[in-house]
Amino acid sequence: MTDLTTLGIAAIRDGVRDGQFKAREVAEAFNAKVAGARALNAFLVETPDHALAAADAADAARAAGETLKPLAGVPIGMKDLFATKGVATTAASKILEGFVPPYESTVSQNLWNAGAGMLGKLNLDQFAMGSSNETSAFGNVISPWRRPNDTAALAPGGSSGGSSTAVSAGLAPGATGTDTGGSIRQPAAFTGISGIKPTYGRCSRWGTIAFASSLDQAGPMARDVRDCAIMLEAMAGFDAKDATSLKLDVPNWEAALSTDLKGKRVGVPKEYRVDGMPGEIEALWQQGIDWMRDAGAEIVEVSLPHTKYALPAYYIIAPAEASSNLARYDGVRYGLRDLPEGAGLQDMYAATRAAGFGDEVKRRILIGTYVLSAGFYDAYYTQAQKVRTLIARDFERAFEQCDVLLTPTAPSAAFALGEKQADPLAMYLNDVFTVPASLAGLPAMSVPGGLDKDGLPLGLQIIGKPLDEQGVLNAGLAIEQRAGFTARPQAWW
């Protein structure tokens, strides 16, 4: 019999529906795979009972002749940024260690309503702040990929590194991620999987631990484009509890998938050719352009003149919002409380936050507080918001000439853990290609395009017009079909 853990979301869904195997068999296979891969540190909490309960419900529904739910029999991983009722939710931070929410996030509830089961909560960069999964308070996530004849642990990308590792290593057929400046797309590129950040507002932020509220957006990570479309349909939808949620029907993205790009124009932004970009990235980008042309698209060069200001603007806006959002973690209501003997309230605040937040989180809180302070608000924060408007306007003008944009996802393949930790600026540069779409709230996706000289995955990014997830998915599918990417990491864990 086929190893069920080699199957993706569509294959599991269809197999359970058609009676090829039981949902319980699927859940048991993935539970065993998760338990056997703890060396990767992808999961912070394992919830085998949740996966089995959802599987048994799917099997019972099929036996009773009922119509199965869209994700019946599909177990998934849940990034530990989504509140899960009765299951610890920490955002990979000591300050929330032991916190068990009495409520469920909208995105996770949508997935359970669709029949999915939870394999566990996935590790991440602390409060989603990081590009390598080295800032988690509970240890680094390790990529399942390795360079040939080299045992150095590689970064799975961040912040959704637990999600990317789980899907790439076959521990889950799909996983939730969140993307603030590239945290779905960059880890997807590093580990050879697909991931899409939908238009800002497509997925509810309610019950998702906030980093930067005007940027955070949930999305799926899976083995291929079709699986991402299936999962996104279940995750998305209007939520009255989120003021930024879009009151729109969820399209049937899977049914409308097509690799025919005839009549479509694909824009290639000249500003994405950055200094020092490896030749392999440049070559893959050109290959992607050729694939788009082969799919019937017309290639046009476009300009996004304010691209070079996107990263500095992002690293002002995101920390500013983080400093505000993280003010609620003070040791009073929930999570960690550090109360030195004889200390007053202010001392407790200071001691709790000093003990509970990691270095990167503290760095971003300090940056954010600084740029919002009275003497610097206009000089930094107001200017960054103006730049954000200009970047969004650049995209609007570019989309007058094309339907989607094609760029590299990241400026390099995965690097070794520890390689960039001492230099925050080098780490922040990982987001150079992903941040602009986040600032503009646009849908964007990474799909694997090939391997570098060391046999590590490289991704291509498609950026679409607002609400045009379909265009992004279709372009991604056209690349996927032509790339024929089937590489998988060799199990060493």
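Helices (H or I, at least four residues) and strands (E, at least two) are DSSP runs that are numbered from the N terminus. The model is a predicted one, in which local features need pLDDT of at least 70 and side-chain atom pairs count only at pLDDT 80 or more, while totals for chains, interfaces and linings use all residues. Residues are numbered from 1 along each chain as its sequence is written, and side-chain values use heavy atoms, with hydrogens and water left out.

Buried means under 20% relative accessible area, exposed means over 50%, and partly exposed lies in between, computed with a 1.4 Å probe on protein chains only. In helix α5 (residues 161-168), 8 of the 8 residues are buried, so the helix is largely enclosed by the rest of the structure. The buried residues of α5 are Gly161, Gly162, Ser163, Ser164, Thr165, Ala166, Val167 and Ser168. What covers them, through contacts (heavy atoms within 4.5 Å), includes the strands β1 (43-46), β2 (75-79), β3 (117-122), β4 (174-179) and β6 (217-222), together with helix α6 (185-191). Just after α5, glycine 170 takes a positive phi of about 80°.

The next topic is helix packing. Two packed helices are described by the angle between their axes and the distance between the axes. Axes are lines fitted to C-alpha atoms, for helices over the stretch in contact, and angles run from 0 to 180 degrees between N-to-C directions. Helix α4 (residues 106-113) and helix α7 (residues 225-235) pack at an angle of about 110°, with their axes 8 Å apart. That makes α4 roughly perpendicular to α7, given that angles under 35 degrees count as roughly parallel, over 145 as roughly antiparallel, 65 to 115 as roughly perpendicular and the rest as oblique. On the α4 side Val107, Asn110 and Leu111 meet Met231, Ala234 and Met235 of α7. By class, this contact of α4 with α7 has 5 nonpolar, 1 polar and no charged residues, where Ala, Val, Leu, Ile, Met, Phe, Trp, Tyr, Cys and Pro count as nonpolar, Asp, Glu, Lys and Arg as charged, and the others, Gly among them, as polar.

Helix α7 also packs with α1: the axes of α1 and α7 come within 8 Å and cross at roughly 70°, and α1 and α7 are therefore roughly perpendicular to each other. Ile9, Ala10 and Arg13 in α1 meet Arg226, Asp227, Ile230 and Met231 in α7, and by class this contact of α1 with α7 has 4 nonpolar, no polar and 3 charged residues. Aspartate 14 lies in helix α1 (residues 9-18) and, at 22% relative accessibility, counts as partly exposed.

Finally, serine 446 is placed in strand β10 (residues 444-451) and counts as buried, at 0% relative accessibility. Its side chain is joined to that of threonine 409 by a polar contact of 2.9 Å; a polar contact is a pair of N or O atoms within 3.5 Å, where within protein one must be able to donate a hydrogen and the other to accept it, and residues adjacent in sequence count only if both atoms are side-chain atoms.
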